[in-house]
Amino acid sequence: MPTLVRLRPTRLRPLAVAAAIAVLLGVMLGSILLGAIDLGAGRVLGEILAELTGGRSPLSARESAILWELRVPRVVLGGLVGAALATSGAAYQGVFHNPLADPYLLGAAAGAGMAATIVIVFDPGAGSGIAGPVPVAAFAGALGGIGLTWLLGRSSGTATLVLAGVAVAAFLTAIQTFLQQQNTDTLQRVYAWTLGGLNTAGWQAVLLCLPYIGIGAIVLCFSGRLLDVLALGDDEAQSLGIRPVRVRLVVLCAASLATAGAVAVSGLIGFVGIVVPHLVRMLFGGSYRVVVPMSLIGGAIFLIAADVVARTVLAPAELPIGVVTAFTGGPFFLVILHTTRNRSR
């Protein structure tokens, strides 16, 4: 089975990290400034400075509420969700030695979505609280989806694993659709959630997903060296004192935890976990000690930028963010599939 890329011994370069963070801050600021009401770049910067120093705000109370209760939490949530999906995608690719692995394609997102839909349908008031039923069910569903994909496609190579993921995702989505049709009173809420979006973002949503995404992302970032060793093969990993089965289990749980937290608050957003890790490899090399943490930053940049497009391309209407990522990720997926097929010949 071909490896993803030739691994090059490398470490995170401070300059590259600083540049990526600078781009992230710039994208965040640009997203905050864009909206139906023009707050003015200078006045927004003055408001931020006033909050930091305790000075006088140049914004009215209404404008300040728009900034801090609508735009800022939406940007923060977009960054968290993008970071979770991209980092999980990089981790799945490392575990399965598969460049096409992704939370969306391997059934994790579909499993989380189906489980969350069950909760929404049978308990419409559910969803509040860090340990609420929606994120807990999404976590269980993500583990179930990825586990079923792994059982069905683990022994037959890259193509079969991807096909198994597509089949599992289609099956779980069918169950979700059936539940929606049988419970039309929750149809609008579930449908809007399935398309993916950040339009209902608030600080409550940020606090809801932060523990799940934070714990998952931290574990994955510290697993980069182990994923590099796994890329050499199980025999080599065991000779170095590493237990491949245990490492895969920990990484899969952490990636599914982060995916579940993201899906619970944003719905199903595909292709982030494919596009971002591959762009990171192209720019910084293939070592997972670099790919995983840089995918975290890159995922935040990518999804915040996609949200800007979703909010502005059809303004004043808003396009589901999952549609924007699909427009980008679909062609990218075909390129990666073509490249992988050529390498396997």
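Predicted model: local features only at pLDDT ≥ 70, side-chain atom pairs only at ≥ 80, totals over all residues.
## Helix H3 and its partners

H2 and H3 are roughly perpendicular to each other, because an angle of 65 to 115 degrees counts as such and theirs is about 80°.

Let's start with the overall picture. Of its 345 residues, 52% count as buried. Among contacts between residues at least 6 apart in sequence, 76% join residues at least 24 apart.

| Pair | Angle | Axis separation |
|---|---|---|
| H2 (residues 41-53) and H3 | about 80° | 12 Å |
| H3 and H8 (residues 203-221) | about 25° | 10 Å |
| H3 and H12 (residues 272-284) | about 70° | 7 Å |

In the pair of H2 and H3, the H2 side brings Arg43, Val44, Glu47, Ile48 and Glu51, which meet Glu63, Ser64, Leu67 and Trp68 of H3. By kind, the residues of this contact are four nonpolar, one polar and four charged.

H8 lies along H3 in another way. Their angle of about 25° is under the 35 degrees that counts as roughly parallel, and H3 and H8 are therefore roughly parallel to each other. H3 passes H8 in a left-handed crossing. On the H3 side, the contact is made by Trp68, Glu69, Val72, Pro73, Val76, Leu77, Leu80, Val81, Ala84, Thr87, Ser88 and Ala91, and on the H8 side by Trp203, Ala205, Val206, Cys209, Leu210, Ile213 and Leu220. These residues divide into 16 nonpolar, two polar and one charged.

Is Leu210 buried, partly exposed or exposed? Its relative accessibility is 39%, so Leu210 counts as partly exposed.

At about 70° between the axes, H3 is roughly perpendicular to H12. Gly82, Leu85, Ala86, Gly89, Ala90 and Gln93 in H3 meet Val272, Gly273, Ile274, Val276, Pro277, His278 and Arg281 in H12. Here the residues divide into seven nonpolar, five polar and one charged.

Phe271 is placed in the loop between helix H11 (244-266) and H12. Most residues other than glycine have a negative phi. Phi of Phe271, however, is near 75°, a positive value. With a relative accessible area of 15%, below the 20% cut-off, Phe271 is buried.

Which residues touch the most other members of the largest nonpolar core? They are Leu77, Val81, Tyr92, Phe96 and Val272, in a core of 87 residues. Helix H3 (residues 61-96) gives the largest share of this core, 14 residues. A second, separate core has five residues, among them Ala110, Met114, Val168 and Leu172.

Finally, back to Tyr92. Leaving aside residues up to four places away in sequence, Tyr92 touches Ala101, Asp102, Pro103, Leu106, Ala108, Ile146, Leu252, Ala255, Ser256 and Thr259.

Conventions:
Residues numbered from 1 in each chain as written. Heavy atoms only, no water. Core = buried A, V, L, I, M, F, W, Y, C linked by side-chain atoms within 4.5 Å. Buried < 20%, exposed > 50% of the residue type's maximum accessible area, 1.4 Å probe, protein only. Helix = DSSP H or I, 4+ residues; strand = E, 2+ residues; numbered from the N terminus. Contact = heavy atoms within 4.5 Å. Axes fitted to C-alpha atoms, helices over the stretch in contact; angles between N-to-C directions. Parallel < 35°, antiparallel > 145°, perpendicular 65-115°, else oblique. Left-handed = near helix turned anticlockwise from the far one by under 90°. Nonpolar A, V, L, I, M, F, W, Y, C, P; charged D, E, K, R; others polar.
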